[in-house]
Amino acid sequence: MNGHGLDLGHIGIWAGDFDSYPAATLREAAVAIEDSGYGTLWFPETAGREAMAQAGILLAATRRIVVAAGTADIYARDAVSTAAAQRTLDEAFPGRFLLGLWESHPSLAEDVRGHRFGPPRETMRGYLDTMDAAPFGPPGSPAAPRRVLAALGPDLLALARERAWGAHPLGMPVEHTRTARALLGPDALLAVTQLVVLDPDRSATADLARSYAAALLPNRRALLHDLGFENVDSLDDRLVDALVSRGPADAIAHRVEEHLEAGADHVSLFVVTATPQTPPLRQWRELAERLLIGRQ
């Protein structure tokens, strides 16, 4: 998917555990992802490294891969600082940085960062307004580099269609991808993140998948219910399998194809393991061998 010099490719990696790596390991992991052939390296921002600084580390450590701050927290920086940081990285690494903005959680915004959490859509709209009006002037830099919104619900998906390149939903089933495409329309970018456990022994990974699925529930209950998943809190096998794809590489590839057929332009894979402090180098390579031939 290409837009104004940004080519994400069809398959990327969501590096959800990067904050648990020392800086040297972080750089090595980024190089391993790039060398495996993935188009985009996504990472989150919660209470670990600051997103723009981390993006600079990753861009400097790699040569071609797009680096996407997938959930840059709008309560972590004022909008003028975010606009300046985005344009600085876009100037220094043309066509390689993508900003994804996230409306945060009340507990993170208030208890950790000390802000007052506002209504997500209105707060995000005001943030985008201020970003767009922010003064910044590196020579020859574009006025408005590409951005996406980490949107799940219909309000933020509509705002992503209106005010961004598109949307980046994380941790939702294929049914949501189909719904998101309908809300976004045919032209907006839809880049989804799928949690995966690469292991042919499904029985050995059931507890791991269930624990990650449970962590996704707090801000997804109503959306999952609307998609036809009843008794969400019971975390039945159907729901866990929809949220976390498990099995051999062929099974993961099938889930990726389902997302693409449902309207996704790009699918990033969050490879979860029982040892999140260790980069899943083998899994990244194995999935690349299965997924990237003939695609990137």
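Are Glu-45 and Arg-77 buried or exposed? Both are buried, where buried means under 20% relative accessible area, exposed over 50%, and partly exposed in between, with a 1.4 Å probe and protein chains only.

Before I go on, the sources. This is a predicted model, in which local features need pLDDT of at least 70 and side-chain atom pairs count only at pLDDT 80 or more, while totals for chains, interfaces and linings use all residues. Residues are numbered from 1 along each chain as its sequence is written, and side-chain values use heavy atoms, with hydrogens and water left out.

Now the overall fold. The chain has 12 helices and 11 strands; these are DSSP runs numbered from the N terminus, H or I of at least four residues for helices and E of at least two for strands. A compact globule of 296 residues would have a radius of gyration near 19 Å, and the 18 Å of the chain agrees with that. That radius is taken over C-alpha atoms, and the globule rule is 2.2 Å times the number of residues to the power 0.38. The C-alpha trace spans about 55 × 40 × 40 Å along its principal axes. Of the 296 residues, 55% count as buried. Taking contacts as heavy atoms within 4.5 Å, 75% of those between residues at least 6 apart in sequence join residues at least 24 apart.

Next, the charges. Side chains of opposite charge can pair when their charged atoms come close. The structure holds 18 salt bridges, each a side-chain nitrogen of Lys or Arg within 4 Å of a carboxyl oxygen of Asp or Glu.

Back to the opening pair. Glu-45 and Arg-77 form a salt bridge at 2.9 Å, N to O. Glu-45 sits in the loop between strand S4 (40-44) and helix H2 (51-61), and Arg-77 in the loop between strand S5 (66-73) and helix H3 (79-92), so the bridge ties together parts 32 residues apart in sequence.

A second bridge joins Asp-241 to Arg-246, with the closest N and O atoms 3.4 Å apart. Asp-241 is partly exposed at 22% relative accessible area, whereas Arg-246 counts as buried at 11%.

Glu-286 is partly exposed at 32%, and Arg-282 is partly exposed at 46%. Elsewhere, salt bridges that share partners join Asp-129, Asp-132, Arg-147 and Arg-163 into one network.
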